[in-house]
Amino acid sequence: MAETPQLEIIQIAAGPLETNVFLVVEKSSNKALIIDGPPDSFDPVTSEIDRRALQPELVFITHGHWDHIGDADALRTHYDVPLLVHAADRPKIE
């Protein structure tokens, strides 16, 4: 039976509303999922990713409110990874 991946969840509050960004990290591979990208989150998120030598695979947006998407595209572009969002929130991202 295959071993279940061990995950670590890192929480970073950012932006004027201190909205949370979550990094979900698969410990064995250092692959990471970035959940949400509030305004002013780029520097603390990239610093944490660099410090831990993580490999982002994806930016996932929980919903399209401004306090969750402010730096999402910058993170997506910086790491050259896909950005996923529900189709109903796509116009807010675009």
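This is a predicted model: local features need pLDDT of at least 70, side-chain atom pairs count only at pLDDT 80 or more; totals for chains, interfaces and linings use all residues.
Leu54 is then in contact with Ile10, Leu23, Val25, Asn30, Ala32 and Ile49.

Now step back to the whole chain. It has 4 helices and 5 strands. From the N terminus on, the order is β-β-β-α-β-α-α-β-α. The radius of gyration is 13 Å, close to the 12 Å that the globule rule gives for 94 residues, so the chain is as compact as a globular protein of that length. Its C-alpha atoms fill a box of roughly 40 × 25 × 20 Å along the principal axes.

How is the chain packed? Consider contacts with a separation of 6 or more: 54% of them join residues 24 or more positions apart. Of the 94 residues, 37% are buried. Charge comes next. There are 7 positive and 16 negative side chains, and the centres of the two sets lie 4 Å apart.

Gly37 deserves a stop. This glycine is found in the loop between S3 and H1. Is Gly37 buried or exposed? Its relative accessibility is 0%, so Gly37 counts as buried, since the cut-off for buried is under 20%. What surrounds it? Beyond its neighbours within four places in sequence, Gly37 is in contact with Ile61, His68, Ile69, Gly70, Asp71, Ala72 and Leu75. Asp67 is 30 residues away from Gly37 along the chain, yet their C-alpha atoms are separated by 8.0 Å.

Finish with the backbone. Most residues other than glycine have a negative phi. Two residues here have a positive value. Asn30 has a phi near 65°, and Ala53 has a phi near 55°. Neither residue is a glycine. Both sit in loops: Asn30 lies between S2 and S3, while Ala53 lies between H1 and strand S4 (55-60). Asn30 has a relative accessible area of 27%, so this residue is partly exposed.

Technical notes: Residues are numbered from 1 along each chain as its sequence is written. Side-chain values use heavy atoms; hydrogens and water are left out. Contact means heavy atoms within 4.5 Å. Helices (H or I, at least four residues) and strands (E, at least two) are DSSP runs, numbered from the N terminus. The radius of gyration is taken over C-alpha atoms; the globule rule is 2.2 Å times the number of residues to the power 0.38. Buried means under 20% relative accessible area, exposed over 50%, partly exposed in between (1.4 Å probe, protein chains only). Lys and Arg count as positive and Asp and Glu as negative; His and the chain ends are not counted. The place of a charge is taken as NZ of Lys, CZ of Arg, CG of Asp or CD of Glu.
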